[in-house]
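Thank you all for making time this morning. I would like to walk through one structure with you, so please bring up the sequence and the model on your screens.

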Amino acid sequence: MSHLNDDELERYARHIVLPQVGGLGQRRLKAASILVVGAGGVASGALPALAGAGIGRLTIVDDDTVGRSNLQRQWLFRDDQLGQSKARLAAIFLEGINPAVNASPIVARIDASNAEDLLAGHDLVLDGSDNFATRLIVSDAATALKIPLISAAAAQLQGQIGLFRGWEDGQPCYRCFVGDAFDADDCDTCAELGVLGALTGTVGNFAALLAIRAIVGIGPDGGGTLHLFDGLTLTWRQIRIAADPACKACGATSS
Ligand SMILES: [Zn+2]
């Protein structure tokens, strides 16, 4: 891991003074690469936090362009950028926050044919996509490549975020939680259900916190725990996901 220069020592001073991060933790963040799936509302909460924290390499995958109805929650984008590539705009925005971050846009829709190629070479995947089919594809690829996955989703006033390492003994993957029923179903898109913009930001920011904790090594690992936030009652709760021995991605029969 490379050392921190004077600019970085100043930029990350509030991290470095934290006993749980310190210079070593900051260098781990600098050495890390994260792939973020979807440059939408969850990513708008997560990506600025990751760039500010000094994650060395951020790859943003999204094939969409900015529409007016995105701006209520997708604060990476401005009103004068309608019609432009979300992935490209996000990368420019992040390098504006922190020029030390190498932000790479990939204008593509992730699917079963390209997921493993896109994920390969990253230390962590943060999935902020808006449908089960994509989330399952991303999870299966992350499990196959043994890359930790943070899956984060928001709809209406509910959010859920979890860290998964499904290839490890006794650990569930995201598919263990969801099952196989949603592989071809976009039933939960927020266009149909609606979503409170500030809630997607909360979920995305919490996902970034999980990512930073995992990379630096702060606190208990938390793998296989789903964090649920209710924006109506303003309560968080945690549920432990059980590993499914019959899971077709991580189960005992799958390898
Ligand atoms: Zn599984």
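Let me begin with a term: a salt bridge here is a side-chain nitrogen of Lys or Arg within 4 Å of a carboxyl oxygen of Asp or Glu. What we are looking at is a predicted model, in which local features need pLDDT of at least 70 and side-chain atom pairs count only at pLDDT 80 or more, while totals for chains, interfaces and linings use all residues. Residues are numbered from 1 along each chain as its sequence is written, and side-chain values use heavy atoms, with hydrogens and water left out.

With that term in hand, the structure holds seven salt bridges, and I will start with the ones that form a network, in which Asp140, Arg175 and Asp180 are linked. As for burial, I call a residue buried under 20% relative accessible area, exposed over 50%, and partly exposed in between, using a 1.4 Å probe and protein chains only. Arginine 175 counts as buried because its relative accessible area is 3%, whereas aspartate 140, at 23%, counts as partly exposed.

A second salt bridge joins aspartate 7 and arginine 11, at 3.4 Å from N to O. Why are these two about one helical turn apart? They are four residues apart in helix H1, which spans residues 6-11, and therefore about one helical turn separates them. Aspartate 7 is partly exposed at 44% relative accessibility, and arginine 11 is likewise partly exposed, at 36%.

Glutamine 81 lies in the loop between strand S2 (57-61) and helix H5 (86-97), and glutamine 81 is buried, at 11%.

Let me turn to the metal. Which residues coordinate the zinc ion? The SG atoms of Cys173, Cys176, Cys247 and Cys250 do so, at 2.3 Å. Donors are N, O and S atoms within 2.8 Å of the metal (3.2 Å for Na, K and Ca), and water is not among the atoms, so sites may look incomplete. The angles among the four donor atoms of the zinc ion run from 92 to 124°, and the site is tetrahedral, a label that four donors receive if all angles lie between 85 and 135 degrees. Along the sequence, the donor residues follow the spacing C-x2-C-x70-C-x2-C. Cysteine 173 is buried at 0% relative accessibility, and cysteine 176 is buried at 12%.

Next, the loop between strand S4 (124-127) and H7, where asparagine 131 is found. Asparagine 131 is buried, at 3%, and its side chain makes a polar contact of 3.1 Å with the side chain of aspartate 130. The side chain of asparagine 131 also reaches the backbone nitrogen of alanine 133, at 3.3 Å.

Finally, some backbone details. Lysine 146 has a positive phi, near 60°, in a residue other than glycine; lysine 146 lies in the loop between helix H7 (132-145) and S5, and is exposed at 55%. Glutamine 156, also not a glycine, has a positive phi of about 55°; its place is in the loop between S5 and S6, and glutamine 156 is partly exposed, at 41%. Leucine 157 is found in the loop between strand S5 (149-155) and strand S6 (158-164), and is partly exposed at 31%.

Technical notes: Tetrahedral: all angles 85-135°; square planar, octahedral: opposite > 155°, others 65-115°. Polar contact = N/O pair within 3.5 Å; in protein donor to acceptor, adjacent residues only side chain to side chain.
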